[in-house]
2 protein chains.
Amino acid sequence: MTYCLGIITTSGLVIAADSRTNAGVDYISTYEKLFDFSMVGDRVISICTSGNLSITQAVITSLKKDIKTQQETSLHSLTSMYDMARYIGNKLRAIQGEDKEWLKKDGVDWQASLLLGGQIRGENPELYLIYSQGNFIHATPSTPFFQIGETKYGKPILDRILTYNTPIKEAAKCALLSIDSTMKSNISVGPPIHLILYEANSFVIKHHLKLDRGNAYLTEIRQCWEVAIKKAFEEIPAINWFSETEV
Amino acid sequence: MTYCLGIITTSGLVIAADSRTNAGVDYISTYEKLFDFSMVGDRVISICTSGNLSITQAVITSLKKDIKTQQETSLHSLTSMYDMARYIGNKLRAIQGEDKEWLKKDGVDWQASLLLGGQIRGENPELYLIYSQGNFIHATPSTPFFQIGETKYGKPILDRILTYNTPIKEAAKCALLSIDSTMKSNISVGPPIHLILYEANSFVIKHHLKLDRGNAYLTEIRQCWEVAIKKAFEEIPAINWFSETEV
């Protein structure tokens, strides 16, 4: 499995991903799932992927090839994030079109989805979720984050902490805690964690972290969070079993 | 969907369930999913259900009927929790055997699972998870809780707080927070919440709460938890973007 997370706020974007893949529990590997296609000064483009690894690798390879061979349409030539989302969705459809029947007949899941975040000069930062069917939606102030992959364990903390107005560095911290909660509850999500923070209108990614297993900061926030959650739990008033609500 | 939770500790059992069912998003109803089959002084038996409502209702109805008609085998005659789990699993298999083909051909999910918790005089308290296939497992000190239904949102708090040695009233509070986290992140789980607390070797359920929407205590713990989580979040050290981990 995988867990990727994209957040958009008034001041920028956070994109984060774990690195674990598994084909069954006995074949677990590490693959980076966060890819940078930026052109410093002109555009920042960050993509992360979830789902069938052969499909997502084929999409990323094809995106890179279009840039390298200077195709008319590529992530470096398109002039809006919307057009990029459609272009990536079409790549996904084309690759699934080739492979899906072969995967389907052996019961292999061919689903894949992507997050696309970035900013092109002259536009605002945007965040897209591209579904396995190639269609897509964009994040808005009322729904400022998207998750793909193993999304449920890490959602409660986002629901409680994050808003469109959360300072971007706080949003990055929240993303790490969301991934850490997921890793704690599900072994199919694991380090290294890749995290980028993009400040709106800077057109360069200045902050990119890779946190390996045993990384001091990752260990520190996990311990702090455990202690803080236990303290928070202790502060919750005990159940009043003999109130009028007892039946 | 549904969320049910069973916890076993050194000092007893906690069983909790929400009450929301849905057949699609436009047909949402309220059904109790926590059922008591105790005989005060002799045995405490609590069952909660998740999955296809027609299947789980049929199982519960059949369990009640066997007691009412004084069948040789019933929840009141069996002499171990293990035998009860097998008996319930067989009920589930029989009912699925009747209905499964009809549901399957229209693409309706026939899956259902149950939690069985209780204690028979002369035995220790036990907690069982009965799978949709009728097989079952029991909880142990190293895995002291089971969840059925919409389980993922509420798992992180259990993973961080609960152990087999958690005092039973703390375990009940933790169960409520786990359900509240799930309700916050997923509209398919909703009140009233039913919660029982059983103290080992008492052979009577002295604590049974029903918390409706807007219940003062439920509102209070939700607010306290939100405040406490935000405070906990603020206490986590900020990301050190310029440490050696930056790439």
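**Exercise 1. How much space lies in the second largest cavity, and which residues line it?**

Solution. The model is a predicted one, in which local features need pLDDT of at least 70 and side-chain atom pairs count only at pLDDT 80 or more, while totals for chains, interfaces and linings use all residues. Residues are numbered from 1 along each chain as its sequence is written, chains are lettered from A and ligands numbered from 1 in the order in which they are written, and side-chain values use heavy atoms, with hydrogens and water left out.

Begin with the terms: a cavity is a set of points, on a 1 Å grid over the protein atoms alone, where a 1.4 Å probe fits but cannot get out, and its lining residues have an atom within 4 Å of a point. Grid points are joined across faces, edges and corners, and a volume is the space filled by probe spheres set on the points.

The second largest cavity holds about 60 Å³, and its lining consists of Ala228(A), Lys231(A), Ala232(A), Glu235(A), Ala228(B), Lys231(B), Ala232(B) and Glu235(B). The elements that give two or more residues to this lining are α5 of chain A and α5 of chain B, helices being DSSP runs of H or I with at least four residues and strands runs of E with at least two, numbered from the N terminus.

**Exercise 2. Describe the largest cavity.**

Solution. The whole structure contains 3 cavities of 30 Å³ or more, and about 210 Å³ of space lies in the largest. Among the 14 residues of its lining, Pro156(A), Ile229(A), Pro156(B), Trp225(B) and Ile229(B) are the closest to its centre.

By class, this lining has 10 nonpolar, 2 polar and 2 charged residues, where Ala, Val, Leu, Ile, Met, Phe, Trp, Tyr, Cys and Pro count as nonpolar, Asp, Glu, Lys and Arg as charged, and the others, Gly among them, as polar.

Terms used
On a 1 Å grid over the protein atoms alone, a cavity is a set of points where a 1.4 Å probe fits but cannot get out, and a pocket is an open set with protein on both sides within 12 Å along at least five of seven lines; lining residues have an atom within 4 Å of a point.
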